[in-house]
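The stops below are arranged as a sequence of selections.

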Amino acid sequence: MTGFNTQAVHAGQHKDPHTGAVVPPIYQTSTFIQDGINVLRSGHEYSRGSNPTRDGFQDQLTALEGGAAGFAFASGIAAEDALLRAVLEPGDHIILGADGYGGTNRLISKLHSKWGITSSAVDITNLDSVRAAVQPNTALLWVETPSNPLLGIADLAGWAAIAREQGALLVVDNTFATPYLQRPLDFGAHAVVHSTTKYIGGHSDVLGGAVIVADHLFRGQSLAEAVGYQQFAGGAVAGPQDSYLAARGLKTLGLRMERHCATASTLARWLDAQPEVTRVYYPGLENHPGHELAARQQHGFGGIVSVALKDEASARAFAESMEYFQLSVSLGGVESLVCYPREMTHASLIGTELEIPANLVRLSVGIEEVEDLIADLQRGLAAARAASKPVVTRVREKTLENA
Ligand SMILES: *Cc1c(COP(=O)(O)O)cnc(C)c1O
């Protein structure tokens, strides 16, 4: 089989037959001239149904995930929504990994619930709890691994076995791992979803999402037909410019992921040795509970590192005081980002049992020089030290006052 980086560069990228342009042109058009009524020159009719630039990106990503078909959407959430609406019926139940993207939970609990969809949150690392959550009407299992923001690792083959026993679908959000590190369809998943906004686009300059499906029949219809029809009839498609940017990013995914993984691993080890840090969440560390599973299931541990600091005040100060780790939501770009998940990406979970701890900070490690990033983290930790008020210090101050 052709290697990953070769496929990333060539799959779906049809050279321009008219000019010989090495990079396929961006087909910035809404409609296509017909040679007679319904006589389509190249199979394209209207860009909601199909567009060559979108098709090229879909084929490229489908090849890398090892799927039967792929569909690109205007955002990751639009992709998730389309998949759910394509396969679910009112009254269905979803098993949802508890430690996942907050917006996925919101989509299901706030929007899909109106159509009679229910869900149960489970610990993704505990297959017994997944099996125990299965109900007669469970139609779909949804898991994200590594998870967001705690970097838990789910056993994909184990999840797939439970889905098969139940005749349900297993959907894996592969945004964090990307097909370079992990191919969920190889473990028995039926569909993969991506926020291509993150590592696939890779440069923080485009929003997008994708669904890649296996060759699988569900409720008498192939997944490719169901999702393809939903994409056309629902209409939340990726536009030509966005498809082009995502395809361009995808060509260098392998190179970027190598760098993200190497730097994140160095930073995780360094952070683990700092007194201000009470815990580092990174599957590449031997003390991570999912380390061995991740080593078997992934070809690298990824570019996201979460850290727990002593308390809320030090976590906030850390997140707000760095230069290269810019404070913002999102992840997976060439530039490093820092986020305070409790009140940023996962704010919709506050007050629920899934709320994120107040001392947690998530780092998306970019491709800058590792020495510069360590210097930046040192700045952050100095701010964290200044912000936290250890009890010992207060006691000593009191003693001095009394003296
Ligand atoms: C960002 C993200 C999403 C949502 O994607 P959008 O492109 O923001 O709509 C879904 N899942 C994960 C894991 C994400 O990080």
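Helices (H or I, at least four residues) and strands (E, at least two) are DSSP runs, numbered from the N terminus. The model is a predicted one, in which local features need pLDDT of at least 70 and side-chain atom pairs count only at pLDDT 80 or more, while totals for chains, interfaces and linings use all residues. Residues are numbered from 1 along each chain as its sequence is written, and side-chain values use heavy atoms, with hydrogens and water left out.

**Helix α2**

Select residues 52-65, which form helix α2. Its 14 residues reach 20 Å from the first C-alpha to the last, close to the 20 Å expected at 1.5 Å a residue; the expected span is 1.5 Å times one less than the number of residues. At the start of α2, a side-chain oxygen of N51 comes to within 2.8 Å of the backbone nitrogen of T53. This is a polar contact, that is, a pair of N or O atoms within 3.5 Å; within protein, one must be able to donate a hydrogen and the other to accept it, and residues adjacent in sequence count only if both atoms are side-chain atoms. Following α2, G66 has a positive phi, near 70 degrees.

Now colour α2 by accessibility, where buried means under 20% relative accessible area, exposed over 50%, and partly exposed in between (1.4 Å probe, protein chains only). The helix is mostly covered, with 10 of its 14 residues buried; among them are R54, F57, L61 and E65.

**Two cis peptide bonds**

Move to the loop between β6 (138-144) and α6 (156-166), where P146 is placed. The peptide bond from T145 to P146 is cis, with omega near -5 degrees. P149 is found in the loop between β6 and α6 as well, and a cis peptide bond with omega of about 5 degrees joins N148 and P149. Most residues other than glycine have a negative phi, and most peptide bonds are trans.

Next, select K198, in the loop between β8 (191-195) and β9 (209-213). An unreviewed UniProt entry lists K198 for "modified residue: N6-(pyridoxal phosphate)lysine"; UniProt positions are given in the numbering used here, feature names are shortened, and annotations may be inferred rather than shown by experiment. K198 is buried, with a relative accessible area of 10%. Not counting residues up to four places away in sequence, K198 touches T175, S330, L331 and G332, where contact means heavy atoms within 4.5 Å.

From K198, step to its contact S330, located in the loop between β14 and β15. S330 is not a glycine, yet has a positive phi of about 80 degrees; the residue is partly exposed, at 21% relative accessible area. Then select T178 in helix α7 (residues 178-181). T178 likewise has a positive phi, near 65 degrees, and is buried, with a relative accessible area of 1%.

**The five-stranded sheet**

Finally, display the open, mixed sheet of five strands in the order β12-β13-β16-β15-β14. β12 (277-281) and β14 (326-327) stand at the edges, each with a single partner strand, so one side of each has no neighbour in the sheet. Two strands pair if DSSP finds at least two bridges between them. Strands β15 (residues 337-339) and β16 (residues 360-364) pair in the antiparallel sense over three bridges, and R362 in β16 is the bridge partner of C339.

Which helix lies across β13, β14, β15 and β16? Select residues 312-320 to show helix α12, running at about 25 degrees to β16. Axes are lines fitted to C-alpha atoms, for helices over the stretch in contact, and angles run from 0 to 180 degrees between N-to-C directions.
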